[in-house]
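Subject: Structure handover

Hello,

Here is the structure I promised to pass on. Please have a look at it first; my notes follow below.

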Amino acid sequence: MFSSLPHRNSLFKSSRNSLGSDRSTSPSDAVSSDESDCSTGSVSSYYIRPSYNYSTLAATEVLVTTDDVGRFHAKSSQKGQGIWVHYVLAKERRRILMYADPAKLRAEGRRYHMKSITEDLARSGSAEKLIAYCASRGVRAIVPASVPDSIFVSTHKKELAAHGIHSLTCDDPRMHVALDHKWLCYELLRGRGVAQPRTLPVRADTARACRELVEESAARGAPCFVKRTFDTLAGDGVAKVRSFEEYRAAVAKLSGGAGAQP
């Protein structure tokens, strides 16, 4: 939830990016097109020459983490993005191998390993349990599916690698904090010349600039987005606004009535 703490600040983002393109392709369109190719029996070059090389690791050698979803997945609605990451990765692998190498798919199965990195494990500061789990199941690669998981695995990246367990993480754990924190990420990318939508922090000293941005966007018929600085998930913590009145309502809602920071 938004609060008056600096690291929980809200962000305001214009939908128009510096590349001048507002066009996007919906996931449903992409899936529908792909499924129609399969249903007619035609095999595209995408499946014959896939961009992924599944011969490097077997599915049983890959672990996708799921954050701490709690006992019996009680917190899966708040922290269940890892389950969806596994679903997407496993489905992509299955759909490619069923055409490119069906024997490999039958031999290895349809899924990767999944495991929660619990908050207790993260607080312990030790990767011994994770290393033991991976060793007992032959896991050689970890794909963290949440920011807390990425920070934990990145912190122990060298230790894991020493046991033959590699991870899809940054070398510096602090980079995962910066990439998740929308304002820090914006500053990081802007400093490296990456084109982005115009973005402002929601503070008392930026109130006028925020109002001008939303009104300029509204005049063009374009929306703006108000976001919590981090911990947004599947639209939670994000508000789409098309007028200054909607902007003020969004700030009030995301701040719990506290409004912009001083």
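A definition to start with: patches are made of residues with over 30% relative accessible area and no salt bridge, and nonpolar side chains are joined within 5 Å. Please keep in mind that this is a predicted model.

The surface patch
One nonpolar patch on the surface is formed by Trp84, Tyr87 and Val88. Together they have about 360 Å² of accessible area. Tyr87 sits in helix α4, which covers residues 81-100. Its relative accessibility is 40%, so Tyr87 counts as partly exposed. The cut-offs behind that: buried means under 20%, exposed over 50%, and partly exposed lies in between.

The second largest pocket
This pocket holds about 440 Å³ of space. It is lined by 18 residues; Tyr54, Leu57, Val62, Tyr112 and Val143 are the closest to its centre. Helix α4 turns up again here: α4, β4 (141-143) and β5 (166-167) each supply at least two residues of the lining. What is the lining made of, by residue class? There are 12 nonpolar residues, four polar and two charged.

Cys185
Cys185 belongs to helix α11, residues 182-191. Is Cys185 buried or exposed? At 15% relative accessibility, Cys185 counts as buried. Met175 is 10 residues away from Cys185 in sequence. In space, the two are 9.1 Å apart, C-alpha to C-alpha.

Over to you.

Best wishes

Note on methods
Residues are numbered from 1 along each chain as its sequence is written. This is a predicted model: local features need pLDDT of at least 70, side-chain atom pairs count only at pLDDT 80 or more; totals for chains, interfaces and linings use all residues. Side-chain values use heavy atoms; hydrogens and water are left out. Patches are made of residues with over 30% relative accessible area and no salt bridge: like charges are joined within 9 Å, nonpolar side chains (Val, Leu, Ile, Met, Phe, Trp, Tyr) within 5 Å. Accessible areas come from the Shrake-Rupley method with a 1.4 Å probe; for residues, only the protein chains shown count as cover. A salt bridge is a side-chain nitrogen of Lys or Arg within 4 Å of a carboxyl oxygen of Asp or Glu. Helices (H or I, at least four residues) and strands (E, at least two) are DSSP runs, numbered from the N terminus. Buried means under 20% relative accessible area, exposed over 50%, partly exposed in between (1.4 Å probe, protein chains only). On a 1 Å grid over the protein atoms alone, a cavity is a set of points where a 1.4 Å probe fits but cannot get out, and a pocket is an open set with protein on both sides within 12 Å along at least five of seven lines; lining residues have an atom within 4 Å of a point. Grid points are joined across faces, edges and corners, and a volume is the space filled by probe spheres set on the points. Ala, Val, Leu, Ile, Met, Phe, Trp, Tyr, Cys and Pro count as nonpolar, Asp, Glu, Lys and Arg as charged, and the others, Gly among them, as polar.
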